[in-house]
Amino acid sequence: MEIHQFAHQILSSESLETKLNPAPPDLTDEQPSGSPLPSQPVRNSELKIVPGKSVRVPPVDGFPDQSQRERIVHALANHEFQAVELFAWALLAFPDTPSKFRRGLLKILDDEQRHTRMYIACLERMGKRFGDFPVTGYFWNKVPNIKSPQDFVCTMSLTFENANLDHTTENALAAQKIGDKKLAQVIEQIHDDEIDHVKFGWTWLKRFKSKDHSMWEAYSQGITRPLRPGLARGRKFHPEGRVEAGLDDEFIQKISDSIPGMEAGYESSEESDRP
Ligand SMILES: [Fe+2]
Ligand SMILES: [Fe+2]
C-alpha cells in the first residue's frame with residue numbers, strides 16, 4: 001500500500017476504527033500524488049464538526065468534577081483526532097516534499113492516532129464514548145490558509161503542538177492533583193511526544209525557509225491571522241519543552257512575550273480566535 005492511499009483512507013472513511021488504525025509497516029511512497037486532496041474529512045454522524053460557538057468546554061479547574069473532566073478529556077481527544085487527520089491531509093497536500101519529511105509526517109500521524117486512542121481509553125474509564133459530546137473543527141478551520149509545507153509546520157508544529165507543551169504540563173498537574181494517576185501518565189506521555197513533534201517542525205522550517213529570514217521571521221510568515229504567536233502558548237508559559245525541542249532563544253522569548261490567546265487550549269470556541 002502507498003502512503004497516499006493510507007492517508008486518503010483516514011480522511012475518507014466514516015469509521016473511527018479505520019481512522020485510528022496504525023499504518024501497515026511496509027507502506028511505500030512511489031507515487032506520492034496518487035490521491036485527491038479533500039478539504040474536509042468524512043466522519044460518522046457522532047463526530048460531525050459543529051461551529052465552535054455552539055460548543056462549551058470547561059477550563060482545567062473543572063477537573064475535580066467528573067462531569068467536567070469527561071467533557072475536557074473529550075475535547076483533548078478531539079484535538080488529537082484532528083491532528084491525525086491533518087497529518088494525513090499534509091501527506092496528500094505536499095507530495096513533492098523530501099521523502100524524509102513525508103516519513104516524519106507519517107510517524108507523527110502514528111503518534112497522534114495513539115494519543116487519540118489513549119484519551120478515548122481515559123473517557124471510557126469514566127463511562128463515556130468519543131462522540132458523546134459535540135466536536136469542533138478548530139484545526140480544520142485553519143486549513144484554507146495552509147498553502148505550503150512551511151505553513152503547515154508553522155501552524156501545526158510550531159503553533160498548536162507548541163501550545164500543547166504548556167497545556168499538557170498544566171493538565172498533567174491538574175490530573176495529579178485529583179489523584180488520577182492514569183490520566184496524568186497519559187498526558188505526560190503525550191507531552192513528551194509533543195516535544196519531538198515541535199522539534200520536527202523546527203527542523204523542517206529551518207530547511208524550508210529562505211536563508212535571508214530568521215526563524216522568527218519565517219514563522220511569522222507561515223501563520224495567517226487569526227493564528228498568532230499568542231496561540232503557540234498557554235496561559236502559563238513553560239520554556240523547558242521548547243529548549244528540549246531545540247528552539248532558539250529569540251524564538252522562545254518571543255513566544256513567551258506574546259499575550260496568551262486562549263484558555264487552556266481546549267475545544268476552542270471561535271471567540272478564542274480573537275486577539
Ligand atoms: Fe498529539
Ligand atoms: Fe503532536
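What covers the buried residues of helix α9?

Modeller: Happy to! This is a predicted model, in which local features need pLDDT of at least 70 and side-chain atom pairs count only at pLDDT 80 or more, while totals for chains, interfaces and linings use all residues. Residues are numbered from 1 along each chain as its sequence is written, chains are lettered from A and ligands numbered from 1 in the order written, and side-chain values use heavy atoms, without hydrogens and water.

The cover of α9's buried residues includes α5, α6, α7 (215-222) and α8 (239-245), where contact means heavy atoms within 4.5 Å. Helices are DSSP runs of H or I with at least four residues, numbered from the N terminus. The residues being covered in α9 (residues 249-257) are Phe251, Ile252 and Ile255. These buried residues fall within an arc of 95 degrees when seen down the axis, so they line one face of α9; the arc is that of the directions from the helix axis to the C-beta atoms. On the face turned away from them sit the exposed residues Asp249 and Asp257. Buried is under 20% relative accessible area, exposed over 50%, and partly exposed in between (1.4 Å probe, protein chains only).

Helix α5 (residues 149-177) contains glutamate 161, and helix α6 (residues 181-208) contains glutamate 194. The iron ion (ligand 2) is coordinated by Glu112, Glu161, Glu194 and His197 at 1.9 to 2.2 Å. Donors here are N, O and S atoms within 2.8 Å of the metal (3.2 Å for Na, K and Ca), and sites may look incomplete because water is not among the atoms. The iron ion (ligand 1) has Glu80, Glu112, His115 and Glu194 as its protein donors, at 2.0 to 2.3 Å.

Angles of 86 to 136 degrees among four donor atoms make the site of the iron ion (ligand 1) irregular. For comparison, four donors are tetrahedral if all angles lie between 85 and 135 degrees; four are square planar and six octahedral if opposite donors are over 155 degrees apart and all others between 65 and 115; anything else is irregular.

Glutamate 112 coordinates both iron ions, which are 3.3 Å apart. Because glutamate 112 lies in helix α4 and glutamate 194 in α6, the pair ties together parts 82 residues apart in sequence. Glutamate 194 is buried, with a relative accessible area of 1%, and glutamate 161 is buried at 3%.

Technical notes: Helices (H or I, at least four residues) and strands (E, at least two) are DSSP runs, numbered from the N terminus.
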